[in-house]
Each structure stands twice: as structure tokens, then as C-alpha cells.
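Reader: Could you walk me through reading salt bridges and burial in a protein model? I'd like the general idea before the particular case.

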Amino acid sequence: MRLRIAATIAHRHAGEVSQVHLQARLSPAATALQVVLAHPLASEPTGWQLSHDDYWGTRVVELEVTEAHERFQLSLLSDVNLTGIVTAAPATDFARLDAAGVEDSFTEFLRPTALTTASDADARVAVRLRQETPNPTALAEALSRELAPGPDAGVDDATHRVIGALRAVGVPARFVSGYRAPVGDFEPGASAAGEIASWLDVWDGTWQGFDPARVSPIGDRHVIIGWGRDRADVPPLRGIYCGPEGAACVTEVQVTRLA
């Protein structure tokens with residue numbers, strides 16, 4: 001499947017600002033699961049850009065704008081081929097997690113963070129479900145069903161909560177940021193509103209993608225941007241500027257199926 005991602009993030013400030021320096025994590029990642037054909041990133045007003053990959057392997061575009069402005073907009077247009085490649089089938093048990101060196105190799109995805117610290121109640125649920133489920137992927141699914149946040153939860157709450165519970169029982173889990181297309185019919189030529197969302201990778205010998213919000217493995221509606229311990233490692237936009245405090249932010253994502 002080939003998807004076109006059109007994303008815009010617009011900031012309207014309370015007054016004139018200048019000397020803006022931003023980090024944008026919006027470009028789809030090149031992986032075995034997805035081939036990125038193009039990802040031009042444009043800003044208005046314009047400025048200089050410099051791109052690099054961060055510690056986690058996420059593409060970061062550094063932007064600096066010196067022109068005075070009250071409204072800033074960042075736009076991405078990217079075509080992505082989703083390959084459908086399955087790197088490895090899910091493990092049938094938890095045996096690989098007990099191998100020598102796993103705890104050291106994945107310590108960053110086993111330790112809790114400020115956003116992924118499991119409550120005592122969630123940790124007890126994780127202990128029980130690990131005993132009742134056959135493998136890490138099944139555990140991620142069971143936790144997603146049992147710990148589903150309420151209707152007022154934030155877009156990343158389910159991901160953070162399930163990651164925290166997985167780590168509480170010794171299962172490596174990492175945060176994944178990406179674009180998510182809506183469910184339902186999506187024929188070639190169709191276009192629909194998408195979102196910058198999150199899901200997780202759970203490790204069972206290889207990384208397996210799972211979407212706690214939809215309680216399903218990731219598929220052809222998920223386009224990866226990058227990875228980290230939690231959302232703080234993969235913010236879509238982060239920066240500083242000179243000017244009055246306060247800005248209104250509007251994010252729009254449109255996903256079109258090209259083939």
C-alpha cells in the first residue's frame with residue numbers, strides 16, 4: 001500500500017516573535033516496514049534547515065527562523081510505501097526475555113520514566129496477566145484490554161500506561177510515534193483525516209508492533225515517525241522563540257491512499 005501523508009502544524013502567537021529555533025520530528029522513518037519516497041518539510045516564514053538522526057534513530061529537522069512573524073506553519077508532504085514485510089513471527093513464550101544480557105541490552109526500555117511509571121494497581125494486573133498469557137504480544141493485548149483509559153484520556157495515555165505495565169514485569173517496551181489513518185474502507189484514491197498518534201513495540205526476541213488504543217497489531221494504517229522511551233523523546237515539535245508567551249496550536253493530518 002502507498003500512502004501520502006500531508007501534515008501541518010500551525011502556531012498563532014499572542015504577538016510578534018522572532019529568533020525561532022525548532023526541532024521537528026515529523027518525517028516518516030525508513031525501515032523494513034516502510035519505504036519513504038519523499039518527505040519535504042516546509043516552513044512559513046522560511047529559514048534554514050539541518051537534519052540528523054537522534055539517539056533513538058528518529059529523523060530530526062532543525063529549523064531556525066529570524067524573520068519576525070505572528071503565525072508560523074510547518075508543513076510535511078510525504079509518500080510512503082508500506083511493504084507488508086513481517087520481520088519475524090511473535091514468540092510463542094517468554095523464554096527469550098530470560099536470556100543472558102537482555103536486561104543490560106534493553107535497560108532503557110525496561111526502566112520506568114515520568115510518563116510510564118506503573119501504578120501499584122497496574123503492576124498487580126501486569127503480574128497476573130503475565131502468568132495467564134503465553135507470550136509478550138499476547139500480554140500487550142491483554143493489558144490493552146484491561147487498562148484501557150477512559151473516554152477523556154489523552155492520545156498517548158493508553159500507550160504510556162501499557163508500556164509502564166509491560167516494563168513492570170520485565171518485558172522491554174518502547175514508545176512509537178507515527179501517523180495513523182482511520183479504520184474502515186480505504187480504497188485507492190480515498191482520503192481521510194488522520195492523526196499524529198502513538199503505539200508501542202514489545203520485544204520478544206524481535207520488536208513486535210502493537211497499538212493499545214485499537215487493541216490490535218500495527219498494520220497498513222500505521223506510518224512510523226520514530227521511537228523513544230516515551231512521548232518526551234519523540235515530540236512532533238519542540239523549540240524556543242523570542243516574543244510574548246502563549247500560542248494557539250492547530251495540527252491537521254490528511255492521509256490519502258495512492259495505491
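This is a predicted model: local features need pLDDT of at least 70, side-chain atom pairs count only at pLDDT 80 or more; totals for chains, interfaces and linings use all residues.

Reader: How many salt bridges does the structure hold?

Author: Here is the general idea: side chains of opposite charge can pair when their charged atoms come close. In this structure there are 13 salt bridges. One of them joins the side chains of Arg-231 and Asp-156, at 2.9 Å from N to O. Arg-231 sits in the loop between strands E12 and E13, and Asp-156 in the loop between helices H3 and H4, so the pair ties together parts 75 residues apart in sequence.

Reader: Is Arg-231 buried or exposed?

Author: Buried means under 20% relative accessible area, so Arg-231, at 12%, counts as buried. Asp-156 has 10% and counts as buried too.

Reader: Which residue does Arg-174 meet in a salt bridge?

Author: Its partner is Asp-201, at 2.8 Å from N to O. Arg-174 belongs to strand E7 and Asp-201 to strand E9, so this pair ties together parts that are 27 residues apart in sequence. Both Arg-174 and Asp-201 are buried.

Reader: What about Asp-233 and Arg-229?

Author: Their side chains also form a salt bridge, at 2.8 Å. Asp-233 is buried at 11%, while Arg-229 is partly exposed at 33%. Separately, Arg-128, Glu-132 and Glu-146 are linked in a salt-bridge network.

Reader: And where does Leu-3 lie?

Author: Leu-3 is in strand E1 and is buried, with a relative accessible area of 1%. Beyond its sequence neighbours within four places, its contacts include Phe-186, Val-223 and Val-255.

Terms used
Residues are numbered from 1 along each chain as its sequence is written. Side-chain values use heavy atoms; hydrogens and water are left out. Helices (H or I, at least four residues) and strands (E, at least two) are DSSP runs, numbered from the N terminus. Buried means under 20% relative accessible area, exposed over 50%, partly exposed in between (1.4 Å probe, protein chains only). Contact means heavy atoms within 4.5 Å. A salt bridge is a side-chain nitrogen of Lys or Arg within 4 Å of a carboxyl oxygen of Asp or Glu.
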